[in-house]
Amino acid sequence: EMVKHNNILPNIHLRKHWQRWVKTFYNQPGKKRARLETRRAKAAKLAPRPLDSLRPVVASCSSRYAGKPRVGKGFSLEELKQVGVTPAFARTIGISVDFRRKNRSQASFQRNVERLKSYQSRLVLVPRGKKASSANKGSTWADSADAKRDDTFTQNTTKAVLPIKGVERRIKGSHVSKEMNKFDAKGHLKLLHTNKKWHGARIKRNEEAKNV
């Protein structure tokens with residue numbers, strides 16, 4: 001059937017030799033098995049240590065992921081100082097350190113400090129090298145009475161070491177009181193913004209008034 005109007009004639013060319021560019025992966029099951037064996041060898045080498053280092057909980061960027069906590073690179077120096085751990089020693093006990101990260105939120109700072117304290121409460125230090133031979137009986141993991149119990153010293157294979165709890169966005173319904181209706185949210189936010197904007201100028205003006 002001919003085309004209508006001033007269009008091109010149908011001349012479909014389908015001989016593209018697509019068989020030349022087909023790639024097959026017959027080694028996929030073998031590669032899968034190799035990756036499994038590599039993970040098992042790494043876990044056996046690190047045992048009884050966790051597979052990954054402890055990392056902080058940080059806020060995600062952009063409005064799309066706002067409110068969704070994720071794992072950060074490392075703990076800040078202020079967070080480590082709060083729990084009494086030096087950056088050098090933190091790396092030896094499986095805690096990641098980020099020297100460039102700064103704390104800009106008190107809530108985030110407190111949450112990561114509690115995360116460090118929770119990790120320290122579960123931490124079991126095993127002496128290595130010369131200290132291992134001179135350690136007292138029962139002070140190391142191998143000499144302890146609970147070493148044969150699998151449930152006591154189970155290797156932590158979780159990626160985040162300690163689980164990260166998500167934010168619950170759904171709020172349960174409640175009765176709207178008269179105080180809620182009377183509250184002027186827009187005016188309150190505007191007042192807070194104004195006070196923050198003129199905070200420095202007001203302090204300076206008060207100091208000048210005292211000096212006069």
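This is a predicted model: local features need pLDDT of at least 70, side-chain atom pairs count only at pLDDT 80 or more; totals for chains, interfaces and linings use all residues.

Reader: What volume does the second largest pocket have?

Author: Its lining is made up of 17 residues, and the closest to the centre are Val 57, Arg 111, Pro 163, Ile 164 and Lys 165. The volume of the second largest pocket is about 380 Å³.

Reader: Which element gives the largest share of that pocket's lining?

Author: Two elements give two or more residues to the lining of the second largest pocket: strand 1 (57-59) and helix 4 (106-122). The largest share is 5 residues, and these come from helix 4.

Reader: How many charged residues are in the lining of the second largest pocket?

Author: Arg 111 and Lys 165 are among the residues closest to the pocket centre, and Arg and Lys both count as charged. By class, the lining has 8 nonpolar and 3 polar residues, and the number of charged ones is 6.

Reader: Zooming out, what pattern does the chain follow along the sequence?

Author: The secondary structure comes to 8 helices and 2 strands. Read along the sequence, they follow α-β-β-α-α-α-α-α-α-α.

Reader: What percentage of the chain's residues is buried?

Author: Buried here means under 20% relative accessible area. The accessible surface of the chain comes to about 19,000 Å², with 55% of it belonging to carbon and sulfur atoms. Of the 212 residues in the chain, the buried share is 17%.

Reader: Leaving out residues up to four places away in sequence, which residues does Leu 116 touch?

Author: Leu 116 is one of the core residues with the most contacts inside the core. With sequence neighbours up to four places away not counted, Leu 116 touches Leu 54, Phe 75, Glu 79, Leu 80, Val 83 and Ile 95.

Reader: How far apart in space are Pro 87 and Val 97, C-alpha to C-alpha?

Author: Pro 87 is found in helix 3 (residues 87-92). Beyond its neighbours within four places in sequence, Pro 87 is in contact with Leu 77, Leu 80, Val 97 and Phe 99. Pro 87 and Val 97 are 10 residues apart in sequence, and their C-alpha to C-alpha distance is 6.5 Å.

Reader: Is Pro 87 buried or exposed, or partly exposed?

Author: Buried needs under 20% relative accessible area and exposed needs over 50%. Pro 87 has a relative accessibility of 27%, so it counts as partly exposed.

Reader: Which peptide bond is cis, with omega near 0°?

Author: Look in the loop between helix 1 (28-46) and strand 1, where Pro 48 lies. The cis bond runs from Ala 47 to Pro 48.

Reader: Val 161 has a positive phi; what value is it near?

Author: Val 161 sits in the loop between helix 5 (130-133) and helix 6 (178-182). With a relative accessible area of 6%, Val 161 is buried. Val 161 is a residue other than glycine, and its phi is near 65°.

Notes: Residues are numbered from 1 along each chain as its sequence is written. Side-chain values use heavy atoms; hydrogens and water are left out. On a 1 Å grid over the protein atoms alone, a cavity is a set of points where a 1.4 Å probe fits but cannot get out, and a pocket is an open set with protein on both sides within 12 Å along at least five of seven lines; lining residues have an atom within 4 Å of a point. Grid points are joined across faces, edges and corners, and a volume is the space filled by probe spheres set on the points. Helices (H or I, at least four residues) and strands (E, at least two) are DSSP runs, numbered from the N terminus. Buried means under 20% relative accessible area, exposed over 50%, partly exposed in between (1.4 Å probe, protein chains only). Accessible areas come from the Shrake-Rupley method with a 1.4 Å probe; for residues, only the protein chains shown count as cover. Contact means heavy atoms within 4.5 Å. A nonpolar core is a set of buried Ala, Val, Leu, Ile, Met, Phe, Trp, Tyr and Cys residues joined through side-chain atoms within 4.5 Å.
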